[in-house]
Protein chains: 2
Amino acid sequence: MKMSKPPKGIAEARRKEVLEALRQIGKSAYDAIYEGRFPEISLPSRSVNNLVYDDELKQFILGDGRVKRSSRNVKHIRPYTQLLWLAFFANQLVNEERTSTLRDVFYSAQAFNMEFTDQSESDEIITDLETALMKAREDFNVYPDERSAIFGNMVIEYTKPGYEGKRQDLSSHPDGLMIGPALTTAEFIETDAEIVLAIEKGGLFTRFVEEKVHERFKALLINTAGQPPRSTRYVIRRLNQELNLPVYIFCDADPWGAHIAMVIRSGSANSAHLRELTTPSAKWLGVYASDIEKYKLPHDKLNELDIKRVHELLKDPRYTEKLWKEELETFLKYKKKAEQEAFSRYGLTYIVDKYLVDKLEQAKSM
Amino acid sequence: MKMSKPPKGIAEARRKEVLEALRQIGKSAYDAIYEGRFPEISLPSRSVNNLVYDDELKQFILGDGRVKRSSRNVKHIRPYTQLLWLAFFANQLVNEERTSTLRDVFYSAQAFNMEFTDQSESDEIITDLETALMKAREDFNVYPDERSAIFGNMVIEYTKPGYEGKRQDLSSHPDGLMIGPALTTAEFIETDAEIVLAIEKGGLFTRFVEEKVHERFKALLINTAGQPPRSTRYVIRRLNQELNLPVYIFCDADPWGAHIAMVIRSGSANSAHLRELTTPSAKWLGVYASDIEKYKLPHDKLNELDIKRVHELLKDPRYTEKLWKEELETFLKYKKKAEQEAFSRYGLTYIVDKYLVDKLEQAKSM
């Protein structure tokens, strides 16, 4: 489809929003000082007892609890100053249109004589700023180091400086284009894709490209490279929300694979303060525990760690829906796990010619 | 530069070579049977006492020791049959122009009732076939799952089926293009690059793209994503050998970073049977142990594991050259390590504006 109204300027609008939110943080500090008050900042609490599972949003959200960082309190001065510095630094990144990483922010602080004992302290403050702004750190240009990739019939237009207005065809490189800052902030211009397939492993991603899944099933293919980095989850959500494309997820048949699918759908507990990293309508299509029996797949035995993990997931409110719960129980029943590659037992193309066809049929009634 | 004589057909030539080598393996089995002998195959031994460090090639190579797999010997029947099946399967992959992964080969075997107890057994046989052919498994289309990325001013032309003759500009996607089967087998058409910079981390790779290192220093940038997958090392070697581009490597200042640089230069002990994964002229430009002092970098203390690793490397014949040996000793002297991002202590662009300039100057006299 050609986007009927190309969503031009979304990236620019997001950028302005972040800059305005950052300005507000600075302004509140100045205002307090001018009015003779101690500057402070209040943010939603991320402590475990303020975590609530929202069945509508299909994700954890933060409750009403709030925490305050006040320059009046000697114990708060350090985190308050760090947070204010980070807001200043984020403002600089966004203004200069440069990106950074978690590790890089830790070191950059030293250029300003801002002290962090270690990276876990600066990571924590970065999450504080996310919470204060209710925006993902990618919005203020702090990206993860790991990347995954995308492939399919779609034209995007970059908004990244030096590339503004340039277009890219996502089918131009059969090994896939990395999902980094440039792709995350690009605008979607034109596509004939009707679905998004998120795939856990690079090998299978390449198989899908080679078997022309993007054409045969009109699919955009995403290699999540294991648990997908946040920028990848963000792109998946954008494809779903902006283009109304259904999202289907394929992972290994083990509790870790199931949880990759879950995190794409419902996010993780430690991003309860964000709404932009989930795709509530995304469907987990396999490989299910029950598929191991159904397709007589080569399998391994679940080990102790796997079994412990299944029990943990069974207690998780995100796993109460029938499909998820039943599959977790099936893992416990048969104590078997299998990988996506296991379908090669029936020849290299079976997973596309038979399994994918079955699953997409099944998805219609989900 | 425009390649004066575009190295057309290299991929096709390699393909024919592999097919011919595979045919020889099959032929020798048939010949033996027709002549009433038990078929067998002889290959160089990869055991530790057949590993020799070659100072000329700057890599481990295999000595004169050989092993035989004979169908006459009841203990050999299993590995001989597996190897013969793998040669058959590899032949099918190359003929059908499909790619596979280590994991996938393990499962594919089951489609032929070929038994492997676990993946380590099939991996071993894959290495046997590499050894028999003296060719990397990528040459018979068995690729790794992990990928890294490339960026810069260079036009390539794909040889991958469905993409033959299509061209790609490696500067077209600022997050980088994945280095997978398509990129590995592409032909290099045109570039103005004068150097190759291999970088350990994605964050720094993105910084280099944003600071236009590819234009300012006429560089092709490669994100090795930690220890580079073999296909990435293969591409680095091709850039060096086919285009005469010098290769410079930047890693973290710790023994693990140093070893990333070493493996790019001299390969790993377990690919002693291959010559196509090393770049003997590649130069390790940093971050050195001595740079931590020189640039007063934020650092951490080496932990026990780090120190143990330095001692291991000091015993490795690849580390006897002055630069490498001295830097390893400097690690032990100061017991400090630092990451590439540590330069952000001097602002985000210092690593490009000052450090990279220093290092490239230094490289001229190496």
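Start with a pair of helices in chain A: α11(A) and α12(A) are roughly antiparallel to each other. To see this, select residues 304–314 of chain A for helix α11 and residues 322–334 of chain A for helix α12; their axes come within 10 Å and cross at roughly 150 degrees. The cut-off for calling a pair roughly antiparallel is an angle over 145 degrees. Keep in mind throughout that this is a predicted model.

Now turn the view until one helix lies over the other. The crossing of α11(A) with α12(A) is left-handed.

**Next stop: a strand residue**

Select A:E40, which sits in strand β1 (residues 40–44) of chain A. Leaving aside residues up to four places away in sequence, show what A:E40 touches: A:K68, A:R69, A:S70, A:S71 and A:R72. While you are here, draw a distance from A:E40 to A:E124; the two are 84 residues apart in sequence, and C-alpha to C-alpha they are 18 Å apart in space.

**Last stop: both chains**

Zoom out and bring chain B into view. How does chain B superpose on chain A? A rotation of 180 degrees does it, with 0.0 Å of shift along the axis and an RMSD of 0.0 Å. The relation is therefore that of a two-fold axis. To find the axis from chain B, pick B:L177: its C-alpha is the nearest to the axis in chain B, at 2.5 Å. The same surface serves both copies, with 100% of the contact residues of chain B recurring in chain A.

Now highlight the contact itself, where 42 residues of chain B meet 42 residues of chain A. On the chain B side, select α3 (102–108), β10 (177–179), α5 (181–184) and α6 (202–210), each of which supplies at least two residues of the side touching chain A.

Terms used
Residues are numbered from 1 along each chain as its sequence is written. Chains are lettered from A and ligands numbered from 1 in the order in which they are written. This is a predicted model: local features need pLDDT of at least 70, side-chain atom pairs count only at pLDDT 80 or more; totals for chains, interfaces and linings use all residues. Axes are lines fitted to C-alpha atoms, for helices over the stretch in contact, and angles run from 0 to 180 degrees between N-to-C directions. Helices (H or I, at least four residues) and strands (E, at least two) are DSSP runs, numbered from the N terminus. Angles under 35 degrees count as roughly parallel, over 145 as roughly antiparallel, 65 to 115 as roughly perpendicular and the rest as oblique. A crossing is left-handed if the near helix is turned anticlockwise from the far one by less than a right angle, and right-handed if clockwise. Two residues are in contact if their C-beta atoms, placed from the backbone, lie within 7 Å. Copies are superposed by least squares on the C-alpha atoms of residues with pLDDT of at least 70 in both.
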